[in-house]
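User: I'd like to learn how to read the features of a fold, one at a time. Can you walk me through this one?

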Amino acid sequence: MATLRFGSTIQLLQRQFATQLNIGSIRTLRQSAFYASAAATFKVERPSQFVSLNALRDNRGARKAKKRVGRGHGSGHGKTCGRGHKGQKARSGNSKPRPGFEGGQTPLMRVFPKRGFKNPMKRELQPLNLDKIQHWINTGRLDPTKPITLKEIYQSNIVKFKDGVSLLARGAEHLTTPITLEVTKASAKAIRRIEELGGRVVCVYHNKLALRALTKPEKFAVLPKSAMPMTAKLRKLYADPERRGFLAPGIKDKYQPVSFNFERRPNPNAAI
């Protein structure tokens, strides 16, 4: 019985294999017939005349005829011209309503009152701490023998900033190197720690143009003159000797900031 069962299984497998071969051959024949008919249908013929400008035409159906309205009801677009009777969509000059329009209802932007304002003079200063500066000096990414300005801070990638840098005193006990720093603002504790080591901190004002000329000087054929602080609050800040402002009486006479251009001057390293 086992032998008969094994033999019948072999016969069943042989029959299935033959059926699959027949199906594959039929499919191959059908594909070859399709490609042959396609080649006969899409045969490229030699043009009967040369191509010239006066013989160029658009493909059939590429240009659609303009819809002519108001030419009688027999055309299907007469009288109301497909707009229907009355309503906002039937009026002339109707188009997509403006953003916030709610059909005549008081829009949401006018329902609720507004409070406050956006200060156009606001600056977002990025914090920079003393322990990070010491780490950058230890790894050779900052040179403590030269004044460290916003240009060196930008090139060393110690912090990413848009309007300036505010010096803070976190990790002040880790700072052991005397340095000269030119930043936008500095805290009293950070100033005290740097001056204890024999260094110097000067707070220098830069507007957007001066900051761009400082960080990317290759984009300027002539380096612009740096602008002075514009508001009374900024002038008071940078003229305060306790905040180490570069316009303070005791600092202005002894130290001239490296990052501040007092005059316009040509840039020999310009890329333009």
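User: Among contacts in the protein chain between residues at least 6 apart in sequence, what percentage join residues at least 24 apart?

Analyst: Some ground rules come before that. This is a predicted model, where local features need pLDDT of at least 70 and side-chain atom pairs count only at pLDDT 80 or more, while totals for chains, interfaces and linings use all residues. Residues are numbered from 1 along each chain as its sequence is written, and side-chain values use heavy atoms, with hydrogens and water left out. Now your question: a contact means heavy atoms within 4.5 Å, and 56% of those contacts in the protein chain join residues at least 24 apart.

User: How many helices and strands are there in the protein chain?

Analyst: Helices (H or I, at least four residues) and strands (E, at least two) are DSSP runs, numbered from the N terminus. Here you get 8 helices and 7 strands.

User: What share of the 272 residues is buried?

Analyst: Buried means under 20% relative accessible area, exposed over 50%, and partly exposed in between (1.4 Å probe, protein chains only). In this chain, 25% of the 272 residues are buried.

User: Then how do I read the largest nonpolar core, and which residues have the most contacts inside it?

Analyst: In soluble globular proteins, nonpolar side chains tend to be buried together. A nonpolar core is a set of buried Ala, Val, Leu, Ile, Met, Phe, Trp, Tyr and Cys residues joined through side-chain atoms within 4.5 Å. The largest one here has 39 residues, and Leu130, Ile133, Ile153 and Leu167 have the most contacts inside it. Elements that each supply at least two residues include helix 4 (150-156), strand 2 (165-168) and helix 5 (188-196). Helix 3 gives the most, with 4 residues. Look at Leu130: leaving aside neighbours within four places in sequence, its contacts include Leu167, Leu175, Ala190 and Ile194.

User: What do the buried residues of helix 6 pack against?

Analyst: An α-helix has 3.6 residues a turn, so residues three or four places apart point the same way. In helix 6, Ala210, Leu211, Ala213, Leu214 and Thr215 are buried, and the buried residues pack against helix 4 and strand 6 (222-223). Not counting residues up to four places away in sequence, Thr215 touches Leu150, Tyr154 and Phe161.

User: And how many salt bridges are there?

Analyst: The rule is a side-chain nitrogen of Lys or Arg within 4 Å of a carboxyl oxygen of Asp or Glu, and the count comes to 5. One of them joins Lys208 and Asp163, with the closest N and O atoms 3.0 Å apart. Lys208 lies in helix 6 and Asp163 in the loop between helix 4 and strand 2, so this pair ties together parts 45 residues apart in sequence. Lys208 is exposed at 59% relative accessibility, whereas Asp163 is buried at 13%.

User: Where do Arg170 and Asp131 lie?

Analyst: Those two side chains also meet in a salt bridge (3.7 Å, N to O). Arg170 sits in the loop between strand 2 and strand 3, and Asp131 in helix 3, 39 residues apart. Arg170 is exposed, with a relative accessible area of 54%, while Asp131 is partly exposed at 22%.
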